[in-house]
Amino acid sequence: MNPVAHGTALDAEALAIDATAHGDPAHAPRLDAYWMPFTSNRRYKKSPKLIAKAEGIWFTTCDGRQVLDGLSGLWCCNAGHCHPRIVEAVRRQVGTLDYAPAFQVGCEDAFRLAERLVAMAPDGFGQVFYTNSGSEAVDTALKIAVAWHRARGDGQRFRLIGREKGYHGVGLGGISVGGIAANRKTFASLMIPGVDHLPHTLDRAAMAYSRGQPAWGAHLADDLERIVALHDASTIAAVIVEPMQGSAGVIVPPRGYLERLREICARHGILLIFDEVICGFGRLGENFGAQRFGVTPDLITFAKGVTSGVVPMGGVIVKREIHDAFMAGPEHLIELFHGYTYSGHPLAVAAAHAALDVYADEGLFAHARTLEPVLEAAVHALRGEPHVVDIRNIGVAAAVELQPIDGSPGLRALQVFEKAYELGALIRVSGDTIALAPPLVSAPHDVTLLVDLLRAALRTAG
Ligand code: PXG
């Protein structure tokens with residue numbers, strides 16, 4: 001299949017690939033040994049999609065085609081790919097300090113980064129705990145929440161409340177509070193005890209095709225009162241929600257919903273955790289979803305965009321008063337028995353500093369706010385295309401939901417995904433929902449091109 005013409009956006013020479021390394025059948029790898037994550041391995045291996053290079057918003061495949069990155073990698077490459085400043089920062093770091101232990105030792109830039117992240121968070125936050133992924137960030141936040149209550153003599157607060165359709169990674173804590181059945185059902189015996197779930201907020205009858213925050217649905221937060229009445233507040237440690245649910249397909253919080261959750265948590269002494277792994281670092285046009293929605297949680301989890309996806313990193317930002325409650329007892333004692341070999345890894349720290357510099361110097365979060373109406377108009381123009389039953393958007397994120405094929409849930413969207421890839425756009429599907437979240441460095445015409453490619457795929461798939 002020929003690449004779609006991309007006008008002058010591409011520097012053909014810069015993207016030229018080495019045919020001796022890629023695309024040459026004599027050098028092609030065997031695919032059997034790699035058990036791929038969240039992939040239909042057998043279908044993939046019959047028709048592999050292999051990427052060789054990336055620059056800006058474009059991937060170059062191993063067969064030499066250009067493919068527009070319609071999901072910022074997996075919601076992480078907010079500054080686009082191979083940004084020269086981030087590449088250079090990592091390159092410099094790896095030759096200077098490749099690794100330093102994180103337990104009882106530290107490197108200066110990790111402290112500087114924590115200070116920057118705290119400054120980006122809403123008022124009242126004081127400290128950062130580093131992890132290597134969003135899943136670890138979530139499990140860390142859940143542990144901090146439970147340990148905080150215990151540190152204050154409130155150790156019977158052990159329950160955690162998540163939400164239906166929530167995605168909080170794949171750790172045992174994250175799948176317990178998560179609400180995507182496919183990620184949970186196989187592992188039911190491993191779930192942590194004492195978890196309950198809020199209802200999700202997606203109701204097509206009430207909010208289909210809404211733009212930004214739906215007007216309907218704030219009352220769904222009141223279900224927390226029912227859960228509190230059932231279990232008693234004195235047993236509940238924390239509520240965890242994504243401000244905007246990303247993985248489930250850009251489910252945008254109804255107006256007033258997060259405010260109400262905040263108020264109910266505060267009234268009952270329950271910590272509110274915002275899982276900002278997708279919402280953070282400009283996806284919603286602000287540092288965090290907390291600022292976008294004007295609601296301040298007690299803990300914020302982050303990952304992905306903190307390094308623009310260049311080196312794995314995640315973490316939890318906590319309110320100062322939460323951190324301070326742990327700082328008691330003899331000074332030689334470890335206050336929190338938790339951490340990772342790679343917490344605050346020097347390469348991740350260097351990538352994060354460079355990514356934050358790029359976000360600030362290129363004004364990418366403000367740019368995201370200018371892309372938002374472009375994406376909104378373009379994606380909602382897909383209404384009426386084959387099989388489309390809902391379209392949702394906020395920030396630089398949008399979802400198009402399709403009517404499933406009878407008896408084969410997920411197949412329709414997978415066919416659209418494969419067709420879009422052939423046509424020159426990498427999109428994301430989950431169930432029969434397609435998600436778009438292009439890099440924040442995209443120009444308006446890149447965003448409309450992405451949607452045009454999706455339209456073509458919808459018209460020609462299956
Ligand atoms: N919390 C949230 C809100 C996430 O979106 C995680 C935690 C876990 O992060 P790690 O780094 O452990 O994967 C995520 C990850 C998708 C998609 O297409 C979403 C994620 C990851 C991969 C694909 O929806 N979110």
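This report describes the fold of one protein chain, from its overall build down to a few single residues.

**Overall build**

The structure is a predicted model, and its secondary structure comes to 17 helices and 15 strands. The radius of gyration of the protein chain is 22 Å, close to the 23 Å that the globule rule gives for 462 residues, so the chain is as compact as a globular protein of that length. Along the principal axes, the C-alpha trace spans about 65 × 55 × 45 Å. Of the 462 residues, 50% count as buried. Among contacts between residues at least 6 apart in sequence, 73% join residues that are at least 24 apart.

The chain is divided into domain 1, which is made up of residues 12–79 and 363–460, and domain 2, which covers residues 88–361. The C-alpha centres of domain 1 and domain 2 lie 27 Å apart, and the contact between them takes 31 residues from domain 1 and 29 residues from domain 2. On the side of domain 1 that touches domain 2, at least two residues each are supplied by helix H3 (72–75), helix H15 (364–380), strand E11 (388–394), strand E12 (397–402) and strand E15 (433–436). The largest share of that side, 7 residues, comes from H15. By residue class, that side of domain 1 divides into 17 nonpolar, 7 polar and 7 charged residues.

**The strands E11, E12 and E15**

Three of the elements named above are strands, and their pairing can be followed from one to the next. E11 and E12 pair in the antiparallel sense over 6 bridges, and within this pair Ile391 stands opposite Val400 in E12. The hairpin formed by E11 and E12 has 2 residues between the strands, and Gly395 takes a positive phi near 55 degrees there. E12 also runs antiparallel to E15, to which 4 bridges join it, and the bridge partner of Ala398 in E15 is Leu436.

How many of the 6 residues of E12 are buried? The count is 6 of the 6, so E12 is largely enclosed by the rest of the structure. Both faces of the strand are covered, with Ala397, Ala399 and Glu401 buried on one side and Ala398, Val400 and Leu402 buried on the other.

**An open sheet of four strands**

A further element of the fold is an open sheet of 4 strands in the order E1-E2-E3-E13, with mixed pairing. Its edge strands are strand E1 (51–55) and strand E13 (425–426), each of which pairs on one side only. E1 and strand E2 (residues 58–61) run antiparallel and are joined by 4 bridges, and Ala54 stands opposite Phe59 in E2. Helix H17 (residues 444–460) packs on the sheet, where it touches strand E3 (66–69) and E13, and the direction of H17 makes about 110 degrees with that of E3.

**Residues of interest in the backbone**

Arg383 lies in the loop between H15 and E11. Is Arg383 buried or partly exposed? With 13 C-beta neighbours inside 10 Å, Arg383 counts as partly exposed. Leaving aside its neighbours within four places in sequence, Arg383 is in contact with Tyr209, Val388 and Ile391. Arg383 and Val400 are 17 residues apart in sequence, while their C-alpha atoms are 8.9 Å apart in space. Val400 is among the buried residues of E12, and Ile391, a contact of Arg383, is the residue that stands opposite Val400 in the pairing described above.

Terms used:
Residues are numbered from 1 along each chain as its sequence is written. This is a predicted model: local features need pLDDT of at least 70, side-chain atom pairs count only at pLDDT 80 or more; totals for chains, interfaces and linings use all residues. Domain bounds come from an automatic or database domain assignment. Two residues are in contact if their C-beta atoms, placed from the backbone, lie within 7 Å. Ala, Val, Leu, Ile, Met, Phe, Trp, Tyr, Cys and Pro count as nonpolar, Asp, Glu, Lys and Arg as charged, and the others, Gly among them, as polar. The radius of gyration is taken over C-alpha atoms; the globule rule is 2.2 Å times the number of residues to the power 0.38. A residue is buried if 20 or more other C-beta atoms lie within 10 Å of its own, exposed if 12 or fewer, and partly exposed in between; C-beta atoms are placed from the backbone. Two strands pair if DSSP finds at least two bridges between them. Axes are lines fitted to C-alpha atoms, for helices over the stretch in contact, and angles run from 0 to 180 degrees between N-to-C directions.
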